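The sequence and structure are shown first.

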Amino acid sequence: TPKGGEVIWRYERSHEGIYCRRALTIRPQTLRREQLLSFRCTLMHPPIPDPSHRNGVLSAAYVTKRFFIDKIPPEFSKAWAETRYHDVGPHLRNILLDFPNLALFSAGWLRHRILARRKMPSIAFRSPVQTYCLHFDAEQSPNPANRITLDEERDALGLPRLRVDWRSQEGDIESVVRCFQLLKREFERCGVASMHATAETVRERVQAQAGVGAHQFGATRMAADPARGVVDANCCVHGVDNLFIATSSVFATVGYANPVLTISALAVRLADHLKELSHRPAPTLCHIG
């Protein structure tokens with residue numbers, strides 16, 4: 001809850017028209033001193049499945065996605081599946097009572113999301129009571145116990161499906177809790193806002209929702225030593241001269257940011273490397289006897 005002053009809750013546009021959003025984070029020197037993983041948080045709307053928000057826009061989003069739960073990727077459908085179908089009633093009530101706000105939002109959504117060339121990334125609106133939730137994005141430490149293996153189940157082409165054995169570690173969760181405590185202390189020191197959650201509440205929420213996401217990394221991590229990784233500094237698989245991997249699976253570790261820009265940079269770098277290799281003369285074979 002802010003204590004006076006302007007709350008910058010909406011998306012902003014860069015000079016190139018790119019949507020940007022402000023975030024809160026911890027200074028790198030503080031992360032190093034406290035031995036914490038990287039972290040950021042952004043102002044968000046209340047949890048969509050909980051109808052107590054009384055917001056017609058959020059309830060409309062919930063009802064729409066609830067009917068199409070089978071079409072939502074599993075990593076994102078977890079939050080929707082936890083709320084039972086008969087809980088739709090209060091959401092329908094929110095839609096009816098807040099219909100003018102929903103109609104106004106829909107017009108803007110049509111303009112800025114559906115029809116626009118540069119699309120607004122997600123729902124964002126001001127809280128009428130100046131209370132916001134915090135959405136956390138945090139680094140996960142490398143975990144050698146995580147595995148990707150082939151499953152006995154096969155896909156439509158007859159190929160084995162992947163089985164992902166992924167889990168977070170206790171240290172990852174505790175790092176988020178500690179970052180939250182640092183932010184809370186700083187907010188109280190500056191007097192700009194108050195944070196009502198407790199460390200235990202944050203820990204419970206993070207433990208319950210740690211599996212929501214779709215950016216797991218490190219399955220073919222990069223390392224100079226073949227015993228510690230799958231590819232070398234040029235994304236070439238150790239021991240195989242003509243096999244390269246250019247995706248987020250080569251990340252040795254991961255921060256909190258989406259990986260697309262880094263993947264693109266790796267792909268461009270690899271393209272330059274392959275171009276250089278193509279210009280090298282072929283090795284001379286010497287036959288004896």
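## Helix packing

Helix 6 crosses helix 7 in a right-handed manner, where right-handed means that the near helix is turned clockwise from the far one by less than a right angle. The model is predicted, so local features need pLDDT of at least 70 and side-chain atom pairs count only at pLDDT 80 or more, while totals for chains, interfaces and linings use all residues. Residues are numbered from 1 along each chain as its sequence is written, and side-chain values use heavy atoms, with hydrogens and water left out.

Helices (H or I, at least four residues) and strands (E, at least two) are DSSP runs numbered from the N terminus. Axes are lines fitted to C-alpha atoms, for helices over the stretch in contact, and angles run from 0 to 180 degrees between N-to-C directions. Angles under 35 degrees count as roughly parallel, over 145 as roughly antiparallel, 65 to 115 as roughly perpendicular, and the rest as oblique.

Helix 6 contributes Glu170, Ile173, Glu174, Val176, Val177, Phe180 and Gln181 to the contact, and helix 7 contributes Ala199, Val202, Arg203, Val206 and Gln207; contact means heavy atoms within 4.5 Å. By class, this contact of helix 6 with helix 7 has 7 nonpolar, 2 polar and 3 charged residues. Ala, Val, Leu, Ile, Met, Phe, Trp, Tyr, Cys and Pro count as nonpolar, Asp, Glu, Lys and Arg as charged, and the others, Gly among them, as polar.

The axes of helix 2 (residues 56-67) and helix 5 (residues 99-114) come within 8 Å and cross at roughly 75 degrees, which means that helix 2 is roughly perpendicular to helix 5. Gly56, Val57 and Ala60 of helix 2 meet Asn101, Leu102 and Phe105 of helix 5. The residues of this contact divide into 4 nonpolar, 2 polar and no charged.

## Nonpolar cores

A nonpolar core is a set of buried Ala, Val, Leu, Ile, Met, Phe, Trp, Tyr and Cys residues joined through side-chain atoms within 4.5 Å. The largest has 18 residues, of which Ile26, Phe39, Cys179 and Leu183 touch the most other members. Strand 4 (39-44), helix 6 and helix 7 are the elements that give two or more residues to this core, and the largest share, 8 residues, comes from helix 6. Apart from this core lies another, of 11 residues, among them Leu58, Ala60, Val88 and Ile123.

Not counting residues up to four places away in sequence, Leu183 touches Leu24, Thr25, Ile26, Phe39, Cys41 and Met195.

## Single residues

Buried means under 20% relative accessible area, exposed over 50%, and partly exposed in between (1.4 Å probe, protein chains only).

| Residue | Relative accessible area | Class |
|---|---|---|
| Gln35 | 72% | exposed |
| Thr42 | 12% | buried |
| Cys235 | 1% | buried |
| Ser249 | 15% | buried |

Most residues other than glycine have a negative phi. Gln35, in the loop between helix 1 (28-34) and strand 4, has a positive phi near 55 degrees. Cys235, in the loop between helix 7 and helix 8, has a positive phi of about 65 degrees.

Thr42 lies in strand 4 and, not counting residues up to four places away in sequence, touches Arg22, Ala23, Cys133, Leu134 and His135.
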